[in-house]
Amino acid sequence: MAKKQKKTIITCAITGAIHTPTMSDALPFTPEDIADQAIAASAAGASILHLHARRPDDGGVSIDPEHFKRFLPVIKQATDAVINVSTGGSLLTTMEERIAPAKWASPEMCSLNMGSMNFSFHPLAERYKTWKFDWEEDYVRNSDGYIFRNTFADIGFVARQLGEEHNVKFEHECYDVGHLYNLKFCMDTGLFKAPVFIQFIFGILGGIGPDIDNLIFMKRTADRLFGDDYQWSVLGAGGAQMPFATTASQMGGNVRVGLEDSLFIERGKLASSNADQVTKIRRIIEDLGCQVATPDEAREMLDLKGADRTGF
Ligand code: KMH
Ligand code: ZN
């Protein structure tokens with residue numbers, strides 16, 4: 001069974017690739033706004049910042065390293081947070097393009113999605129009659145046809161390009177129980193060394209649903225597969241965000257919040273910023289008797305290479 005830990009790591013995922021500017025004025029997409037919100041989230045208690053880029057002019061999803069270059073150094077200068085660069089930022093391009101920002105940044109952490117799947121948010125389109133930017137409606141509606149491709153070959157490619165060459169630690173994103181077995185297979189073939197860091201994800205259409213029974217099931221399966229050789233965190237999408245983070249923290253796990261995965265602070269009320277969500281989950285964690293990990297404590301817990309070893 002994964003060791004019960006003393007402190008809880010809060011990851012904040014700042015902007016992502018699901019939500020669009022129409023859905024919330026708080027969703028950051030300019031480099032300045034991404035940096036400001038990331039810095040504020042760190043000050044509020046997030047020790048890991050999970051980062052995607054957006055096109056500065058219209059908020060479209062971007063995997064262009066030039067867009068990352070405009071905020072990563074700014075965040076690094078202003079915080080000691082661990083920076084985690086997404087490798088899942090586009091459902092529509094090759095893995096080679098998806099890892100280009102991380103190859104430039106050589107960050108302490110990167111996301112790594114552990115299986116191919118449907119990945120859809122098309123039901124969100126029904127909530128909006130008008131859209132701020134031309135690209136948004138088609139992007140959201142057409143997601144019913146998106147396949148999020150993460151084959152074993154893709155996973156092996158990322159492991160070699162970023163894990164072996166850059167000593168990046170992965171946030172292994174597991175959207176269903178089969179992804180845990182994919183990770184176990186990869187570990188058995190020597191692709192990843194223990195202890196791995198697993199993000200259990202609930203509530204993405206195409207993945208496992210947001211029922212607490214499923215969290216228990218995922219955790220029990222991971223205990224069986226990985227024993228003491230893993231650290232874990234939980235992300236609930238949309239309305240599941242705070243309930244799942246709260247439950248996970250009580251079970252001895254780490255948590256992920258942020259506008260990437262939910263735009264809300266409570267039922268029916270939009271969050272005013274990423275820091276808003278970090279502040280709330282931190283308060284819950286502390287009120288319930290746990291402590292939040294600092295960035296350096298997170299580095300030690302996850303055995304990261306250190307901020308002085310990144311490429312930016
Ligand atoms: N928003 C998460 C459910 C990635 O960046 O690699 C998906 C995600 C993927 O975080
Ligand atoms: Zn992400």
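User: How many nonpolar, polar and charged residues are in the shell around ligand 1?

Analyst: Nonpolar covers Ala, Val, Leu, Ile, Met, Phe, Trp, Tyr, Cys and Pro, charged covers Asp, Glu, Lys and Arg, and the others, Gly among them, are polar. By these classes the shell of ligand 1 has three nonpolar, six polar and four charged residues. This is a predicted model, in which local features need pLDDT of at least 70 and side-chain atom pairs count only at pLDDT 80 or more, while totals for chains, interfaces and linings use all residues. Side-chain values use heavy atoms, with hydrogens and water left out. The counts asked for are three nonpolar, six polar and four charged.

User: Which side chain has an N or O atom 2.7 Å from a nitrogen atom of ligand 1?

Analyst: A polar contact is a pair of N or O atoms within 3.5 Å. An oxygen atom of ligand 1 is 2.7 Å from such an atom in the side chain of Ser 111, and an oxygen atom of ligand 1 is 2.9 Å from one in Arg 256. For a nitrogen atom of ligand 1 at 2.7 Å, the side chain is that of Glu 260.

User: Is Pro 21 buried or exposed?

Analyst: Pro 21 is in the loop between β2 (10-13) and α1 (31-44). Buried means under 20% relative accessible area and exposed over 50%, with partly exposed in between (1.4 Å probe, protein chains only). Because its relative accessibility is 1%, Pro 21 counts as buried.

User: What separates the C-alpha atoms of Pro 21 and Glu 136?

Analyst: Along the chain, Pro 21 and Glu 136 are 115 residues apart. Their C-alpha atoms are separated by 8.1 Å.

Note on methods:
Residues are numbered from 1 along each chain as its sequence is written. Chains are lettered from A and ligands numbered from 1 in the order in which they are written. A polar contact is a pair of N or O atoms within 3.5 Å; within protein, one must be able to donate a hydrogen and the other to accept it, and residues adjacent in sequence count only if both atoms are side-chain atoms. Helices (H or I, at least four residues) and strands (E, at least two) are DSSP runs, numbered from the N terminus.
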